[in-house]
Amino acid sequence: MLQRKFSHVFDGVVWNTVVLPDENVLLLEVRDHARKQVTFSALHYDDDRFLWHSKVLEEPWWVALADASGGIVLITLYIDTNNPDRKGMLAYTLADLQLLWWHNDFTLARRQGDCLYGFSSGVGSKPLVLALHSGKEIPAPTTSGPLAAAPEEKVLRPQQYGDGTEYFRTVAKFLREKLNLSVVLSLEYVEYSGKIFIAYYAQEQSLVSHLTVWTDAGELLLQEKTGEHLKGIGQDTFFILSGCLFFVKNKHELISYFL
């Protein structure tokens, strides 16, 4: 059996997470639809310590966690609630969530190093590149010369397989033989450190989701019902980081196990 590392229940739906492996920090966006309020938290996952918890920004609802790097947290601001394409960008310090800079017309497409690539949504949408630490518009870096190697991914995420694929049939057969159940719609699978991780959906009284962990010899180490009364399937429903398993249960609870 696996040993639980921690569990945290939030007052809202854990909507999005961003991992900063160099800082050992997990950022969480939690949305409370009844109160129309978004809160943000930063958890130092190695020692289970919050840098800050359930912080509300000046704009309480029309904001979303976008990315983070280099001690900076990037938040998307929806400028026009009637037009979701109109966005701005807010940059906060990771240490204490203090506003560093903002840009009132920028949609982030991707981050590469200290450069933020995106575009303005004004008349005749145009590409823009912003400097991560200042928010200033800068010329697009040239791509001449050798390309830098992509950084090694420190977060291990599962592969998703839909019903009808060969891999789905193989894993579904394994689960049927082991647990006497029928998997529906989709499953997620990954192997790590002699263990097999499978997230799957089953039709009980309603559509439910489960996460299981097995030894490579087929011994069940963990089985958690992670959701019920579901209206659809998710993606990247768990991940492995720093030798631990992380997932969200019932939309509100962040759980981690030692591996």
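Author: A residue is called buried when its relative accessible area is under 20%, exposed when that area is over 50%, and partly exposed in between (1.4 Å probe, protein chains only). This is a predicted model, in which local features need pLDDT of at least 70 and side-chain atom pairs count only at pLDDT 80 or more, while totals for chains, interfaces and linings use all residues. Residues are numbered from 1 along each chain as its sequence is written, and side-chain values use heavy atoms, with hydrogens and water left out.

Reader: What percentage of the residues in the protein is buried?
Author: The C-alpha trace spans about 60 × 50 × 40 Å along its principal axes. The protein has 259 residues, and the buried share of them is 46%.

Reader: How many strands does the protein have?
Author: Helices (H or I, at least four residues) and strands (E, at least two) are DSSP runs, numbered from the N terminus. By that reading the protein has 1 helix, and its strands number 20.

Reader: Which residues have the most contacts inside the largest nonpolar core?
Author: A nonpolar core is a set of buried Ala, Val, Leu, Ile, Met, Phe, Trp, Tyr and Cys residues joined through side-chain atoms within 4.5 Å. The largest one has 19 residues, and those with the most contacts inside it are L27, F40, W52, V73, I75 and L94.

Reader: Which strands each supply at least two residues of this core?
Author: The core includes L27, F40 and V73 among its residues with the most contacts. The strands that each supply at least two of its residues are β2 (13-20), β3 (25-32), β4 (37-44), β6 (63-69), β7 (72-80) and β8 (83-93).

Reader: Is D22 buried or exposed?
Author: A salt bridge, meaning a side-chain nitrogen of Lys or Arg within 4 Å of a carboxyl oxygen of Asp or Glu, joins K154 and D22 at 2.6 Å, N to O. This pair links distant parts of the chain, 132 residues apart, with D22 in the loop between β2 and β3. K154 counts as partly exposed because its relative accessibility is 46%. With a relative accessible area of 62%, D22 is exposed.

Reader: Are E29 and R31 buried or exposed?
Author: The side chains of E29 and R31 also meet in a salt bridge, at 2.6 Å from N to O. Both E29 and R31 are buried.

Reader: Which residues do salt bridges that share partners join into one network?
Author: K249 forms a salt bridge with E224, the closest N and O atoms being 2.9 Å apart, and both residues are buried. K249 lies in strand β19 (residues 244-249) and E224 in strand β17 (residues 220-227). The network consists of R4, E224, K249 and E253.
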